[in-house]
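The following report describes selected strand and helix features of the structure shown here.

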Amino acid sequence: MKDATKASSKAAKMKTREKPLTPVLIIPGFMSSVLTVQSSSLRPSWKDQRLWLNITALGFNSIHRGGKLRRNEEIRSTRILNAEKKGRTAEAMSDSAIEEMHVQYLKAVESKNQWVEHMRLSDDMISEKKGVVVRALPGTAGVDYLSEGALTESMSYVFGPVLKLLRSVGYKDGVNLEAAPYDWRIPPSALETRDKYFTQTVATIERLYHFNENTPVVILCHSMGCKTAHYLFNFVVHNKGVHDGLQWIAKYISCYVPVGAPHIGAPASVRCMMDGDKMGLEAFLSDFEGLLLGRSLGSAPWLFPLESTDPQKASSDAPQSNKSEITPKTPQTSSMPISFLRQESSLHITIPPQRLPLESFLKDRDMYPTKLRLAIRLGKNLTMRTNYFTITQNEPFIDFNNETWIIPCPIDIEKTVREYPSIQICIEKPGKLATILFLPLLCNPWDSSSKPCSESSQVQDCRRNEKEEYVILISSGQYDAHFVL
């Protein structure tokens, strides 16, 4: 019993020593946050229902072009027109099945009209219609799929596949995985004024940081979410001051990962304001309804293409003090760039164009490799690899093109050397059995003071992890890395 207790205690201690996963915060893009009805005097039954995007539950999924209710209306209209010519209008409306579906159609149309009223904003492009309160669904549930259901999820996914992948490697919602959905209809200044969105997002980042042993957070964002993240960084600097704000970013933000970022604007936003936007619901909405929606969105002008890339002239990714403005402007401070990056340095590894002969190392092998690649290992956990090269017995060499890898590293040289203490250069082929040879030609130290920490010209056979799909054919010894930043 004591041995079992000791074993479990030891396992628990080992578990606590494991380095935590880097926490991730997702900021979605335009039309990519689920919107729900918190309250509605127009449709009280819609309370807590998904407004964006759940047309099935809201009752107008059958009025799309080609839908049964739409087809029934076409049949009914034709019957009435023909009957009017013959003076038999009452007879045309006597089919109970057609008339019952007509009543359903009218209810669906009313439901659609109410949906438009809930979605579109007032004339100020910020306020909602009287009696309507719509907000983003919080957490990862607000960014996975816009519409729930086995059939609709596959057609309305946002970050659903990404969340599934992250969870499969150990991420847990609320622990090291979070999302910051928002009402994408309104401009960022209104998000803070109305919802305290950026204040709450800052608190979420700090919570993730402390909950994961002071590990900085990755900001993963898409489309307009990238500009929202920019606004967040500027919000921090604007409220804390430039020095303290930059210190906060350097401490709490690991990296900013923009996907499909409209950094200099999106022309589609101009079309949205001029011609309207049906938001992918062309089968349900009329041109006029699309116009009502598109011209009511206060976030659209924020995405207008910028006139200049000069940060002092063009940046709109910063808080504003004038609440009546729809498009936010950068505060007039010369030290306010368009975005903020974590302070770090980088290692640049370049393979210049050259031919590497391999005949002397391959001629005596029983199985002649058909494909080879170069691998460069920094420390224990980072490996860069080229693509595979086709090798033949008539041409046993690799022709390298100019390839460069850029590896981020701490700005402090001592921390960098601790993170990447050695370098090893290998030639690999596909497979699972590793044969290691020392090849002096591949040993290129970072500078003349580098010295090998282990060298061997003997052939060594060793089993590698069965999951690895390559064999090391030729390897340099490990070299102490002397980095120049």
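This is a predicted model: local features need pLDDT of at least 70, side-chain atom pairs count only at pLDDT 80 or more; totals for chains, interfaces and linings use all residues.

In which strand is L347 found? L347 belongs to strand β8 (residues 345-351), where helices (H or I, at least four residues) and strands (E, at least two) are DSSP runs, numbered from the N terminus. L347 counts as buried because its relative accessibility is 2%, the term buried being set at under 20% relative accessible area, exposed at over 50% and partly exposed in between (1.4 Å probe, protein chains only).

Residues are numbered from 1 along each chain as its sequence is written, and side-chain values use heavy atoms, with hydrogens and water left out.

An open sheet is formed by three strands in the order β3-β2-β4, with antiparallel pairing; two strands pair if DSSP finds at least two bridges between them. The edge strands, each pairing on one side only, are β3 (50-52) and β4 (132-136). Strand β2 (residues 35-40) pairs with β3 over two bridges, whereas five bridges join β2 to β4. Bridge partners of β2 residues include these:

| Residue | Bridge partner | Partner strand |
|---|---|---|
| L35 | W52 | β3 |
| T36 | R50 | β3 |
| S40 | V132 | β4 |

Helix α5 (residues 96-119) lies across β2, β3 and β4 and runs at about 75° to β3, with axes taken as lines fitted to C-alpha atoms, for helices over the stretch in contact (heavy atoms within 4.5 Å), and angles running from 0 to 180 degrees between N-to-C directions.
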